[in-house]
Amino acid sequence: MSTSMGNKEQTVLELRSISKVYGKGAAEVQALRDVSISVARGEMVAVMGPSGSGKSSLLTIAGTLEEPTSGAVLINGEDVHAMSAGAKARVRRRTIGYVFQDFNLLPGLTAVENVALPLELDGTSMRRAYLAGLKALETLGLGDRARAFPDQLSGGERQRVAIARATVGERQLLLADEPSGALDSANGEGVMRLIHAACKRGVAAVVVTHDAQLASWADRVIFLRDGRLADQTAAPAGPESLLESPS
Amino acid sequence: MTYILSMLLSNIHGLILSEVAVSVRHALLALLSEEPKYGLQLREEFEAHTGEVWPLNVGQVYTTLQRLERDGLVAAVGDGDGEQPEHGPQKAYRITGAGRAELADWLRTVPDLSTPPRDDLVMKILIAVRVPGIDVHEVIQAHRRYLIELMQEWTRLKEDDDGADLSFALVVDSELFRLDSVVRWLDAAEGRLRRAAADGWTPALGTDGARTGVSLPRRRLGARR
């Protein structure tokens, strides 16, 4: 079973035997059991599973927003647990981008200010952060909407801003939880095309979704069941196989 | 159970093939409604208009044309209207008034979807639920994985084409939605089975046909026929 494409040094995210237990005693819930996954540079992995299967826990642990009960999270080969609080915060600001279902844009900031914010928080000068934000928006076809506020944007545009924010600068790992949210199927497809394009530029992405059409954009689909990695899709067979004429 | 097996053994493919044949018939009428065309040209245009997803052999085109001609829906160009075919032995065809009426009629007629199709996968899950020693969740997952792998392949085709070919995009979407609906049904089935198991349902209870739901389709299908 190939859990990563390419060689070891290309691995951006590695989860080693991750287990996560919430609560204690009778209220104990085992959210993840011995899950190991690695995601290579440029690879998009989708995580599917019924609600309660551990999908969201997997994502928050991969994003260093939560500690696993046991197991290790490695980002670019570095064990997150061994990092200082400061180093961990830097990884969160510089390396990882998050996209949430409800976009989480700050209503008082324009589109470009929202995108530039993580860079500014990381100490980049306002002007440089602004230019990088503008560039990220342009890549997503939103250059002309840069000065609009979130409430002036459509749902599809807001989600593109959220993706721009998650990929701005030199981010290498994109983590998305139901990124198409309540968007219709055309906009949902648009979101996946953008994440896919980010992967083509070298970003590693993990997308949690219950939607098979969105998951089918991924290079690899992982199925969680009761907190365990139950199954995953085979390596791509190549598009030719579907259209071979029966001879 | 014997009912299910007999459904499995029935000739599903015959039904599917005859439905495709009906569509080819009307697709050819549609192409001829633009202008008179030759058989080879019809084949090329059929494939182009359907995103080249359904290959059609030229023999099928001629057989269909002959039947359409027999039914008075098309006529060979040059038959009684003074025109002569341009390409030697090849025959060109034109649509007749009756053909246009038939085409318009077909486009407006909704298909009969009232009877559930005989779905192999539905049967398989119904059977897996009551075969001792079979983990139905494993059966469901094997099919879910396969369906999603197929969807990945279609999505890659869509991604490569980038919406440039409208017919192709429509066909790919239709395939993706069809496969997606099967995945969703599997998700729902799995959820339903888990809840049933939590409520104490066991396959042994399922031998009581009146309570399992398996006899339900029979009653419904029986009423339709």
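These legends describe close-up views of a predicted model.

**View 1. Helix 3 of chain A and its buried face.**
Helix 3 of chain A spans residues 111-121. Its buried residues are A:Ala111, A:Val112, A:Asn114, A:Val115, A:Ala116, A:Pro118 and A:Leu119. They pack against helix 2 (85-94), helix 4 (126-139) and helix 5 (155-167) of chain A. A:Gly123 follows helix 3 of chain A, and its phi is positive, near 100 degrees.

**View 2. A:Leu137 in the largest nonpolar core.**
This core holds 81 residues. A:Leu137, A:Leu174, A:Ile195, A:Ala205 and A:Val206 have the most contacts inside it. Leaving out residues up to four places away in sequence, A:Leu137 touches A:Ala111, A:Val112, A:Val115, A:Leu142, A:Gly143, A:Ala146 and A:Ala164. A second core is separate and has 15 residues, including B:Leu31, B:Leu65, B:Ala92 and B:Tyr93. In soluble globular proteins, nonpolar side chains tend to be buried together.

**View 3. Helix 5 against helix 6 in chain A.**
The axes of helix 5 and helix 6 (residues 185-200) of chain A lie 10 Å apart, at an angle of about 15 degrees. The two helices are therefore roughly parallel to each other. Their crossing is right-handed. Helix 5 of chain A contributes A:Gly155, A:Gly156, A:Gln159, A:Arg160, A:Ile163 and A:Thr167. Helix 6 of chain A contributes A:Asn187, A:Gly190, A:Val191, A:Leu194, A:Ile195 and A:Ala198. By class, this contact has 5 nonpolar, 6 polar and 1 charged residues. A:Ile195 is also among the residues with the most contacts inside the largest nonpolar core.

**View 4. Helix 3 crossing helix 4 in chain B.**
Helix 3 (residues 39-49) and helix 4 (residues 58-70) of chain B have axes that come within 9 Å and cross at roughly 115 degrees. That angle makes helix 3 of chain B roughly perpendicular to helix 4 of chain B. The crossing is right-handed. From helix 3 of chain B come B:Gly39, B:Leu40, B:Leu42 and B:Arg43. They meet B:Val58, B:Val61, B:Tyr62 and B:Leu65 in helix 4 of chain B. These contact residues divide into 6 nonpolar, 1 polar and 1 charged. B:Leu65 also belongs to the second core.

**View 5. The side of chain B that touches chain A.**
Here 20 residues of chain B are in contact with 20 residues of chain A. Helix 7 (136-161) and helix 8 (166-198) of chain B each supply at least two residues of the chain B side. Helix 7 of chain B gives the largest share, 13 residues. By class, the chain B side has 8 nonpolar, 4 polar and 8 charged residues.

Notes
Residues numbered from 1 in each chain as written. Chains lettered and ligands numbered in written order. Predicted model: local features only at pLDDT ≥ 70, side-chain atom pairs only at ≥ 80, totals over all residues. Buried ≥ 20, exposed ≤ 12 C-beta atoms within 10 Å, placed from the backbone. Helix = DSSP H or I, 4+ residues; strand = E, 2+ residues; numbered from the N terminus. Contact = placed C-beta atoms within 7 Å. Core = buried A, V, L, I, M, F, W, Y, C linked by C-beta atoms within 7 Å. Axes fitted to C-alpha atoms, helices over the stretch in contact; angles between N-to-C directions. Parallel < 35°, antiparallel > 145°, perpendicular 65-115°, else oblique. Left-handed = near helix turned anticlockwise from the far one by under 90°. Nonpolar A, V, L, I, M, F, W, Y, C, P; charged D, E, K, R; others polar.
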